[in-house]
Amino acid sequence: MGFRVVEYVVESEKIPESMDGYRMAVLADLHDCAVGRENQWLLAALRQAQPDRILLAGDMITEHTGQISSWLSYRRARDLLLELAREFPIYYAMGNHESRWKKEREGHSYTFERYRRELENAGIVFLDNLSAVLGSGRQGIRVTGLELPLLYYRKGLRIPKLTAAAIRKLAGPADEEYYQILLAHTPQFFQAYADWGADLVLAGHFHGGMVRLPLVGGVMSTYYRPFPRYDRGRFWRGERQMIVSAGLGTHTIPLRLNNPPELLMLTFRHRG
């Protein structure tokens, strides 16, 4: 089903003048799928856009817990990222599938540690509860990758509550002197992300609601809750915002209806 590039302009007085016009691409929820043969459509779109940085918002692979390595889907994602790393700086935040793969070791001849090592050797920076400053010194944008414990991805009616204090314990405090981006795979906890101090949250995980209905939006979240509020697009809490990707792939139930895979392109603007 098609493929689209979605453009956003992000404005703030906290974005340095030196980074006015800075471009970032956001990839989420590839799940080792292919956008075009061997991801050629995705590669072509990124090469045409020429972002200054690529941010990965998690679930580039699919982890099948407890299965042998042939069930572990990683090859297309790995090959794509290795090719992209030759051309673009890349920052990788963890989704629930990466976190589960990292935790589950038995029965996997190809381990998360090997996957990570191969990507790091190519220059990809992993942000599992770590931060990086893009730009020069205090004239930069700060990106923090949040790796949540797997209990926050528990499906069903009782989703645990996440607080700003819990985020600080995991990833440290936000830095209000910078424009602060939080790569947080699940959009479920926008209020906590805003309370923590994120100026911009970049998320995915809900796959756009999988099936989208006109005037209604996404039908089902990956928590198995109907009509999720944060299915895809831009959301606000005061001056703080969250942009949610509909994702690039599928897993388990290969279903996307009225919901094309999407690549996000963000242009940052200094607002004087």
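Pro261 is buried in this predicted model, with a relative accessible area of 10%. That puts Pro261 below the 20% cut-off for buried residues. Pro261 is found in the loop between S13 and S14. In sequence, Pro261 and Gly2 are 259 residues apart, yet their C-alpha atoms are 7.1 Å apart in space.

**The open sheet**

Now for the strands. Strand S14 covers residues 262–270 and pairs with strand S2 (residues 23–27) in the antiparallel sense, over 4 bridges. If you want a spot to look at, Val26 stands opposite Leu264 in S14. Both strands belong to an open sheet of 6 strands with mixed pairing, and the order runs S1-S14-S2-S3-S4-S5. Which strands sit at the edges? Strand S1 (4–12) and strand S5 (125–126) do, as each pairs on one side only.

**Around strand S13**

Next up is strand S13, at residues 240–244. Of its 5 residues, 4 are buried, so S13 is largely enclosed by the rest of the structure. Strand S9 (residues 200–203) runs parallel to S13, and 4 bridges join the two. Ala203 is the residue that stands opposite Val244 in S13. S13 also pairs with strand S12 (residues 233–237), this time in the antiparallel sense and over 5 bridges. There, Trp236 has Gln241 in S13 as its bridge partner. S12 and S13 form a hairpin with 2 residues between the strands, and in that hairpin Gly238 takes a positive phi near 65°.

**Salt bridges**

Side chains of opposite charge can pair when their charged atoms come close. How many salt bridges does a search of the whole structure find? The count is 21. Here are a few of them, with N to O distances:

| Salt bridge | Distance (N to O) |
|---|---|
| Arg47 and Glu87 | 2.7 Å |
| Glu118 and Arg78 | 3.8 Å |
| Asp128 and Arg116 | 2.6 Å |

Take Arg47 and Glu87, whose side chains meet in a salt bridge at 2.7 Å. This pair links distant parts of the chain, 40 residues apart: Arg47 is in helix H1 (residues 40–49), while Glu87 is in the loop between helix H2 (75–85) and strand S4 (90–92). Arg47 counts as partly exposed at 30% relative accessibility. Glu87 is partly exposed too, with a relative accessible area of 38%.

Then there is the salt bridge between Glu118 and Arg78, at 3.8 Å. Glu118 lies in helix H4 (residues 112–121) and Arg78 in helix H2, so this pair ties together parts that are 40 residues apart in sequence. Are these two buried or partly exposed? Glu118 is partly exposed, with a relative accessible area of 24%, whereas Arg78 is buried at 16%.

Asp128 and Arg116 are both buried.

Finally, some salt bridges share partners. Such bridges join Glu38, Arg75, Arg78, Asp79, Arg114 and Glu118 into one network.

Methods:
Residues are numbered from 1 along each chain as its sequence is written. This is a predicted model: local features need pLDDT of at least 70, side-chain atom pairs count only at pLDDT 80 or more; totals for chains, interfaces and linings use all residues. Side-chain values use heavy atoms; hydrogens and water are left out. Two strands pair if DSSP finds at least two bridges between them. Buried means under 20% relative accessible area, exposed over 50%, partly exposed in between (1.4 Å probe, protein chains only). A salt bridge is a side-chain nitrogen of Lys or Arg within 4 Å of a carboxyl oxygen of Asp or Glu.
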